[in-house]
Amino acid sequence: MVNDLAARGKQEFFPGPVTSCVQHHTDFLLTCANGVQLSVQVITDKVLRFRYATEVGFAADFSYAVPADQPRQPVDFLEFREKPDHYRITTDRLICTIAKETMYVRVLDRSGNVLSSDEKGFHWEHDDETGNDIVKMSKQVQSGVHYYGLGDKPDNMNLRGKRFSNWGTDTYGYIKGSDPLYKNIPFYLELQQKIAHGIFFDNTFKSFFDFAAERADVTSFWAMGGEMNYYFIYGPTLTEVTQEYTRLTCPPELPPMWALGYHQCKWSYFPESNFREIAKGFRDRKIPCDALYLDIDYMDGYRCFTWNPTHFPDPKKMVRELADEGFKTVVIIDPGIKIDPNYSVYTEALANDYFCHRADGPLMRGSVWPGLCNFPDYTRPDVREWWAGLFKGLIQEDGVRGVWNDMNEPAVFERGTFPDDVRFSYDGHSASHKKAHNIYGMQMARATAAGVKQFSYPNRPFTITRSTYAGGQRYSSAWTGDNIASWEHLWLANIQCQRLSISGFSFIGSDVGGFIDTPDGELYVRWVALAAFHPFFRTHSSGDHGDQEPWSFGEQYLDLARGFIELRYRLLPYMYTTFWQYVQQGTPMLRPLTFLDQNDTETYLRMAEFSLGDHLLVCPITQAGADGRWMYLPRGDWFYYWTDEPKAGGAEVWASAPLDRIPLFVKAGAVLPMYPLMQYVGEKKVEELTLHVYYKEGTETSVVYDDGGDGYGYQAGHSTTRHFTVTGTATALTVTQAIEGDYQPSFATYRVVLHGLSFGAAHATVDGEAVALTTTDLDMGFALSELVVSSAFATVTLMAAPVQVG
């Protein structure tokens, strides 16, 4: 007799026929004959949650990505019907059917377009080694489908035909196609027949995504444990999908405006005299800069929360004096706590049993920068509270303004990461490293953010993390990790920052110039030009590869780099407004071309072009020796920023871009706000805001948000939102302003600069009163008409000269 029990143990299992479906308000529970259950939750009329249980039943419902206290929105319309062969759930926007025989799920829009349809649907395999179920989902590939998102994957923007995994990994010197990387964001967007939806697979185990790679007609995702628990998120636009996902996992709070300035970092600036010399280098050369970073060498023997007494004998004095010059000091903190009986952080954690344990009881030990270390269990609320309290010295007492979390995948030198048997509290839902690995960095960032916020008050906090999970945008900014000084990595920086932005994580940037190796001046300048349009803007490098400050490549390249950094500082009110839109509405700050016009199939495979916010279109130069590039303009009317040349979209255009330019277009009808040039945020009082108004035949709206750029007054309503509407005809241009909020900015006037008028403006009125038009010479080398008006104006009108008859 042949024993086939082992073979049968490895087989795939499927739900049986559905025997019942019970509705409780907006939740539905379906039960199969073999005990499998499916919970369908109508989160909103556009978001459905699908949660499957095998014969063991549902585990406690817990998520690090979706806050438990998030209120459910009321659903205006919900209909449930039982049909002979299926159940049907209908909302205002979606129709969901579940087949009785197979439990296959289909989701359609209200017009009957099939958006998602199960192939094998939910199935699973038992893993004898761990006792977990390997949970799987496969869906049919719809006609003409394209896939986007999934966090920091260093690959083409469109993911179709590729397979990826999520298992946060310290991937030093990664290349195009490297997988996995540092971040774990199991959310992707799908575009088919010009209709978009998304899938968020909320499972923290090692997970996999196959976008029609193994089989051209099947897309699948699976995880090595946990539940098949995913959200279907309807658009119908790509931007709306990202908005819904970001609202589900929650956007961040507003950062301080200085965090959107330029940052300078290196492994490592020490001793203190060197750090001060870097600061002096920026101010002497008039290069705007807001933040300087200290890497691991500022510590005493790499012990977190300490200062090296030789390199930094009086850190409080140093930080204070740098702050007087406009610099905010940011320091690194890693998770590894040095095993040292004379080190108070270690002894306190040991006494309170705050470190992670192995399965049989010993503490998890691993080597990182300090040598042998133990590691806090950030999945425990009491450990997070303890960790947050440790920042009192650095933040409140020493005056440090920001904290940078690194090595938190978690990374361990001798083996890559923790062993699988390391145990975690998982906020009361005990777990092994297999389940907790992908959220370790996020929970460290969470604890760090709580401490920095507590001790920064009344200022806003700033934190940055290398590793995170879905929802981690609530706690931190991030960067793309240990990249290389190469043209390929400049290309990758563009793709990765766009991809993270549409994956809910907009406060993102790359190590400008590359962390590994040394760029030449041309590559560095091209990288600065791109990064000036990324929300997080920091040069960072490994010191053993040479200097990488803006002045390290000679005067020619210094002048060019300075020019792009200065442009970033002038654009800060636009960048800050775009961040506010992200916080309020979940809109990605960086938007790939497809997001700008998904009805134009020409955008589907393009990846270089992106928009920052509503009105700026950017396309970096990523090849050496290029003096411009061909790029695709979305449909509509645009102006080339450097020349004011009008361009019609829906076509490829040549953008001339010698080294002092980056291809940059402004949308017709935009009102683009700019600050006067400053060497750091708050250096001078802004007495006049410049509004660059771009002509459009038709109507376009813009917004400018202001709350002072720091503190929490905005949460009590102390902010101002200024809505501008530009309306143009062949003979006139009108700009109207509507102001909401009671915050009084420092400026009382606008300098309104007029771009692209199709007529010679003969006269202008402000709220019915005639005002004088003057001419201004712009840095770009041409002159334009301008007028100065009160910041409280309601209507500005420009009229063409009347046609003389006879």
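Some loops, cores and sheets

Trainee: Where is Gln 193 found?

Mentor: Gln 193 sits in the loop between β13 (187–192) and β14 (195–201). The labels come from DSSP runs numbered from the N terminus: helices are H or I with at least four residues, and strands are E with at least two.

Trainee: Before we go on, what kind of model is this?

Mentor: It is a predicted model, in which local features need pLDDT of at least 70 and side-chain atom pairs count only at pLDDT 80 or more, while totals for chains, interfaces and linings use all residues. Residues are numbered from 1 along each chain as its sequence is written, and side-chain values use heavy atoms, leaving out hydrogens and water.

Trainee: Back to Gln 193. What is its phi?

Mentor: Phi of Gln 193 is near 55 degrees, a positive value in a residue other than glycine. Most residues other than glycine have a negative phi, and most peptide bonds are trans.

Trainee: And what about the phi of Asp 644?

Mentor: Asp 644 has phi near 70 degrees, again a positive value in a residue other than glycine. Asp 644 is in the loop between β36 (637–640) and β37 (646–648).

Trainee: Is Asp 644 buried or exposed?

Mentor: Asp 644 counts as buried because its relative accessible area is 9%. Buried means under 20%, exposed means over 50%, and partly exposed is in between, with a 1.4 Å probe and protein chains only.

Trainee: New topic. How many residues are in the largest nonpolar core?

Mentor: The largest nonpolar core has 206 residues, and those with the most contacts inside it include Phe 200, Trp 307 and Trp 387. Helix α8 (residues 433–456) gives the most to this core, with ten residues. A core here is a set of buried Ala, Val, Leu, Ile, Met, Phe, Trp, Tyr and Cys residues joined through side-chain atoms within 4.5 Å.

Trainee: What does Trp 387 touch?

Mentor: Not counting residues up to four places away in sequence, Trp 387 touches several residues, among them Phe 305, Ile 333, Tyr 378 and Met 444. Contact means heavy atoms within 4.5 Å. A second, separate core of 46 residues includes Leu 94, Met 103, Trp 124 and Tyr 188.

Trainee: Where does Thr 587 lie?

Mentor: Thr 587 lies in the loop between α12 (572–585) and β32 (590–592). Thr 587 is buried, with a relative accessible area of 8%.

Trainee: What does the side chain of Thr 587 reach?

Mentor: The side chain of Thr 587 reaches the backbone oxygen of Gln 581 at 3.3 Å. Leaving aside neighbours within four places in sequence, Thr 587 is also in contact with residues including Thr 239, Gln 243 and Ser 506.

Trainee: Now the sheets. What is the order of the five strands in the open sheet?

Mentor: The order is β40-β41-β45-β49-β48, and the pairing is mixed. The edge strands are β40 (671–674) and β48 (774–777), each pairing on one side only. Two strands pair if DSSP finds at least two bridges between them.

Trainee: How do β40 and β41 pair?

Mentor: β40 and strand β41 (residues 688–694) pair in the antiparallel sense over four bridges. Met 674 stands opposite Thr 690 in β41.

Trainee: Which strands make up the open sheet of six?

Mentor: The six-strand open sheet has the order β42-β43-β44-β50-β46-β47, with antiparallel pairing. Its edge strands are β42 (698–706) and β47 (769–771), and each pairs on one side only. Eight bridges join strand β43 (residues 720–728) to strand β44 (residues 732–740), and Thr 721 stands opposite Glu 740 in β44.

Trainee: What does UniProt list for residues 688–756?

Mentor: UniProt lists that span as "domain: DUF5110", in an unreviewed entry. UniProt positions are given in the numbering used here, feature names are shortened, and annotations may be inferred rather than shown by experiment. In the model, residues 688–756 are 0% helix and 59% strand, with end C-alpha atoms 23 Å apart.

Methods: Polar contact = N/O pair within 3.5 Å; in protein donor to acceptor, adjacent residues only side chain to side chain.
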